[in-house]
Number of protein chains: 4
Amino acid sequence: MELNIGMIGYSFMGKAHSNGFRQLPAFFPELGVKPVLKVICGRNLDAVKDAAETYQWEEYETDWEKVIARDDIDVIDICTPGDQHLPMALAALKAGKHVICEKPLTNTLAEARELLTVAENTDKKTMVAFNYRRVPAVALARQLIAEGRIGEIYHWRAVYLQDWIIDPDFPLVWRLEKDKAGSGPHGDLNAHIIDLALHLVGDIDSVVGADTTFIKERPLLEAVDGGLGAQGGEQMGQVTVDDATMFLARFQNGALGTFEATRFAAGRRNYNHFEINGSKGSIAFNLQKMNELQFYSRDDEDHIQGFREIIVGEGSQPFMGAWWPPGHIIGWEHTFTHEFRDFFEAIAQDGTFSPDFAEGTKVQAVLESVVDSAATKTWQDVPKI
Amino acid sequence: MELNIGMIGYSFMGKAHSNGFRQLPAFFPELGVKPVLKVICGRNLDAVKDAAETYQWEEYETDWEKVIARDDIDVIDICTPGDQHLPMALAALKAGKHVICEKPLTNTLAEARELLTVAENTDKKTMVAFNYRRVPAVALARQLIAEGRIGEIYHWRAVYLQDWIIDPDFPLVWRLEKDKAGSGPHGDLNAHIIDLALHLVGDIDSVVGADTTFIKERPLLEAVDGGLGAQGGEQMGQVTVDDATMFLARFQNGALGTFEATRFAAGRRNYNHFEINGSKGSIAFNLQKMNELQFYSRDDEDHIQGFREIIVGEGSQPFMGAWWPPGHIIGWEHTFTHEFRDFFEAIAQDGTFSPDFAEGTKVQAVLESVVDSAATKTWQDVPKI
Amino acid sequence: MELNIGMIGYSFMGKAHSNGFRQLPAFFPELGVKPVLKVICGRNLDAVKDAAETYQWEEYETDWEKVIARDDIDVIDICTPGDQHLPMALAALKAGKHVICEKPLTNTLAEARELLTVAENTDKKTMVAFNYRRVPAVALARQLIAEGRIGEIYHWRAVYLQDWIIDPDFPLVWRLEKDKAGSGPHGDLNAHIIDLALHLVGDIDSVVGADTTFIKERPLLEAVDGGLGAQGGEQMGQVTVDDATMFLARFQNGALGTFEATRFAAGRRNYNHFEINGSKGSIAFNLQKMNELQFYSRDDEDHIQGFREIIVGEGSQPFMGAWWPPGHIIGWEHTFTHEFRDFFEAIAQDGTFSPDFAEGTKVQAVLESVVDSAATKTWQDVPKI
Amino acid sequence: MELNIGMIGYSFMGKAHSNGFRQLPAFFPELGVKPVLKVICGRNLDAVKDAAETYQWEEYETDWEKVIARDDIDVIDICTPGDQHLPMALAALKAGKHVICEKPLTNTLAEARELLTVAENTDKKTMVAFNYRRVPAVALARQLIAEGRIGEIYHWRAVYLQDWIIDPDFPLVWRLEKDKAGSGPHGDLNAHIIDLALHLVGDIDSVVGADTTFIKERPLLEAVDGGLGAQGGEQMGQVTVDDATMFLARFQNGALGTFEATRFAAGRRNYNHFEINGSKGSIAFNLQKMNELQFYSRDDEDHIQGFREIIVGEGSQPFMGAWWPPGHIIGWEHTFTHEFRDFFEAIAQDGTFSPDFAEGTKVQAVLESVVDSAATKTWQDVPKI
């Protein structure tokens, strides 16, 4: 089965998604789905043309509405800043496409709800690209929890730490502008660890949080590269998003949770770390060492208890049979291959995919409750979705 | 110079303090102070007699007021549960003794303030036994901060995780009774990381927190050993303290902080862990690997930046010249030797010691603000001391 | 520039090489070389047809001589067992092809010398696929040494540990047959760490070694998968290679070296680990954590010395600018992309590539000296190449 | 029961032994043995007088023969350089004392044999102070092996790395003089890991090794401190011992072993590291993290296999019940307390102690075989003891 993809956006996520599509058939041939990199779309003609060539897309386009209007496109993949997710996803759903949307789903809960209403009235599949669920070690964590290995969960403790804007001279890229990005590390990074918390622990009842902006003014942007690099000029502009947001949570099942996202943790480049403590054991994960999972079991005999460093790579572990022999690690980009594998399987077999727009909306509800809590300085109940 | 010690309490802390006193002259001979283990005091005659023999005290006593009344005692060392700190410390100060008091200083802020008022009107030295300031790696962390190596501080992130009561059958020891212990891990463990935060980052302006008690009933106590072990019977009693308390903080200098203490983190026996992120670098510490300090410097050249694992053991590092050649690690109990070393130096040279009762009261103010915050579900300003 | 590839072999290495070819143009577009996956060759028609489809080769073939005879093929890539390297590589060189050959170059030093003689009389480029030189962390290690950061080298200490045949029921695959594989972990794994030693430390003067075969008989092979997995039957056969080989070495520059390869190190799936100690610092690497490099510098101030854990991922570090932002790790297979990148650059610009067949022959000389030493129980001088 | 100790030597080991004696009764009161620090002996009157005071010995003495001649001394503890072990230990045995001797037992195998002959004809207890057997993690390793948890042993892999003389200006202390020290890191450090190998794996059949001296001349010594520090003058002298010695071994049970000791491994202060691989699992240990033991079990279910980091501190683990609650680590010096505990128990109960002089002689046989092997450049059979 071939699925024709139209992708909007060609920067960091565009590069990563393109790679995921290309890798899929070579490593998961038994799935029987071949994504066709049909058309890539971006506003800058030269840049999108280059991207099409490098990332091996058949065609390029500068008008996203034209991409969505095409009859030969099966899946729309939205890799743009958050302020454009709503119109694009709405249009795609209305045009009868399956939709992949980068996280966070939207910049506000209201937008997410609007989108969800439409999504729920279509038979097309939706996906929010919370790719870290499909790090094999994270999928293994979920499996261990399902197997009852850590028992009843008492604690969730997560941070997502980066440091790429710690230099005050780093310029005002779109991710630092509220009208485009919606928020700073809160929507960018907390969104990820909220999604993991909902996935691994369960629903969140209430939250209290706080944020701050350490560097309030930065040089206006002059140039940007395909990664997260950029250069600023002499004029200054206002940073309108948070530099760091932290919050506490109470889960429905009685567990306590802590969350923190920042772009000011020197030396922590991409440190998405969580630990879960339960009545029978504990699990810990660190994205920078994403092929490893720490697992402690109270079922072990007393004198040999200790955190195991499981090097995830066995055929018996999620996704890993597709790659290399044990001990030959995989990289960050493989998470995209895995999420596309499962999404396309849902399309091919008319199954379900998680996280879909409903789950993406739940993340949005938590994000917005934290923002409300920071404004009111009190605990907030998380709205039900 | 000899200093005669009278110690009240002979259990876990009594064992640890006794050892610190005994070790001091052999490893810090140049200090010229010899603590004399004069009298140990406890309510149970047989037990205190045994303790006196094992821990090498000259005399034993069952009435603490008699110990304080003795003219030949220079220093009173209080190692009892928190509800007795106020009367004992008050009496000791009034009797003109130097006073060492185990942490937390008292069970309430009001008690601490009462004690502080008396302490401020004496020329005797006071000490709250926050021994983790004098883990050599922590003292080195403080030195690195003072040297400006991590720049302006943005983040403090600390947890103190234990698991010794995770078994629901573990009995109702005094540490689980509010009238004796004041609180659970909040006063026991958060007290430590609050003290470290004040020491390493600075004053805290406001906090918001939450706590929970996972196991609400436990077997009544039947027997106890000198460590933290104990055995329960068939009758059940109410747990009246928290099993876990977490909170967020804003520091005066603009830094954000997270704190969490629990006794329900499976596999984390004594995991006092903090990380500090600043504009120029980061520092991380873990008590279970207390001879190591993680340090990241943005001053390093770009392609060789990374967290250094400093194995603290050089003569150039705090306290370590007294012990063994580099690479020969020291143990947890050495922190007591170090705090006594500094306290006795303050006595011998009429200098200052930190943390004294004023600083202990500051910790109490934060602890109590968190409790208030949990009750009101809003942020609380921390009272100034 | 397009380069047409003909690859012989389609199993584990075939899968890895195919991927490297496919990935290259998307991540190193500025190189301007596009490898065309022209024809894949293997003896089993159905299997090679499947492989061609999965790995995206244009054509498949069962007769390797036909592949080499084709005019439209620029590069022959040999991914077969070692006993076939000599005839295939000889034929390819004589047909005027550039040649990539999996390691070890041949099964004996005599074969390697024969091949080298031919290679030296052609203007075509040769490559022995010692891919671990181009792990970015290893390339960084080489750079740090070249920058003088560890000074004069005193010690090389390397192990390559695996455990995939630790189960005595694991069957007699070709890698356990001397006539096909030449040797066991010695040629398979020691070859890698010898190559790294020559690359990072320099030439080896003399060696002494020993080997053993722990499990002398195994079930004959019944089925095999594309990785290292396999199933045995009821009949038993003789293991004719080593299960483990260890040796000591003296380098020309006076450094001492230890080497060890085994397939019987429980829990070490693919543990290629080396440490280098020099007069100014040390470096350590572990393939299972291949995005990390440990570096210790005596140039650091005394109280902050410690092994840095450098997470290799900066644009300033070898190869990493091509992939993702810092902290987003890459996987094992990327080493192939990197070696093809450099090899094709050598072809495109008529430059040199290292390791070529001359360097591959040097590795062979060390391997064979170790075997001789094990037989004679004395130190052996390594023949000069 | 009281045991009167006479200790000869007051430097690094003297400090460590004194501490072990002092700590013993406070932490192992149930043993019922109290070592009395009766007399300390050294050639320098002022220094030994100071040591007596600091380390709390009742008396001091400058003539070791007088110490041995005293009727009131039960145990002679020899902490001098290796060239004096033979006369002192012989005299002590002949005087009917129990004898503790620092490692290595002697500087030559012939001396050790001479001593052993006398020792075997006395009913007094002997001990070679290989203290690392009684690191709790090492004792736990031994227990796990005895429990069959790693099965049949295939590999022993040990290094003992230090760097304290890496600076060429470090002076010619006695440890660098062959006539006093016997050898360099070979007798000092390899002795330790040989003892551990014999203890954990079994007897060694044959060895082959090599050594080197990187820095052949050093400043003559001017001053020395109690640790390993020292200062040199302007005149130079010859280094007459090895700077590094490495060797391979075949064990009687068929296992292969590698050993290496050096004082030139930058950043490795006291890195005594071993790994054991067996048919059912693996164990790894690092003295710089001596409260931790790595353990891998093939008995674990496939998808949760991984090296456990066991933090040794449970009451169920060797020696740890005596100290602090779990997670409160102990230091290097506690190994001495443990070895004295077991030795005094052997005395008190007329039991056996291991390692005694017979086992110390076995270590000597391996050490000397390695030296012979380095001289002859061939494998050497280890003489039976």
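**View 1. The contact between chain B and chain A.** In this predicted model, 34 residues of chain B are in contact with 34 residues of chain A. The elements of chain B that each contribute two or more residues to this side are strands S7 (153-161), S8 (204-212), S11 (244-251), S12 (256-262), S13 (271-278) and S14 (281-286). By residue class, the side of chain B that touches chain A consists of 16 nonpolar, 12 polar and six charged residues.

**View 2. The axis that relates chain B to chain A.** Two copies of a chain are related by a rotation about an axis and a shift along it. Here, chain B is superposed on chain A by a rotation of 180° with 0.0 Å of shift along its axis, and the RMSD is 0.0 Å. This is the relation of a two-fold axis. Within chain B, Thr378(B) has the C-alpha nearest the axis, at 2.2 Å from it. Both copies use the same surface, for 100% of the contact residues of chain B recur in chain A.

**View 3. The contact between chain A and chain D.** Chain A and chain D each bring 15 residues to this contact. On the side of chain A that touches chain D, strand S16 (residues 307-311) of chain A supplies the largest share, namely five residues. That side of chain A comprises six nonpolar, five polar and four charged residues.

**View 4. The pairing of strand S16 of chain A with strand S16 of chain D.** S16(A) and strand S16 (residues 307-311) of chain D run antiparallel and are joined by three bridges. Opposite Glu309(A) stands Phe307(D), which belongs to S16(D).

Conventions: Residues are numbered from 1 along each chain as its sequence is written. Chains are lettered from A and ligands numbered from 1 in the order in which they are written. This is a predicted model: local features need pLDDT of at least 70, side-chain atom pairs count only at pLDDT 80 or more; totals for chains, interfaces and linings use all residues. Copies are superposed by least squares on the C-alpha atoms of residues with pLDDT of at least 70 in both. Two residues are in contact if their C-beta atoms, placed from the backbone, lie within 7 Å. Helices (H or I, at least four residues) and strands (E, at least two) are DSSP runs, numbered from the N terminus. Ala, Val, Leu, Ile, Met, Phe, Trp, Tyr, Cys and Pro count as nonpolar, Asp, Glu, Lys and Arg as charged, and the others, Gly among them, as polar. Two strands pair if DSSP finds at least two bridges between them.
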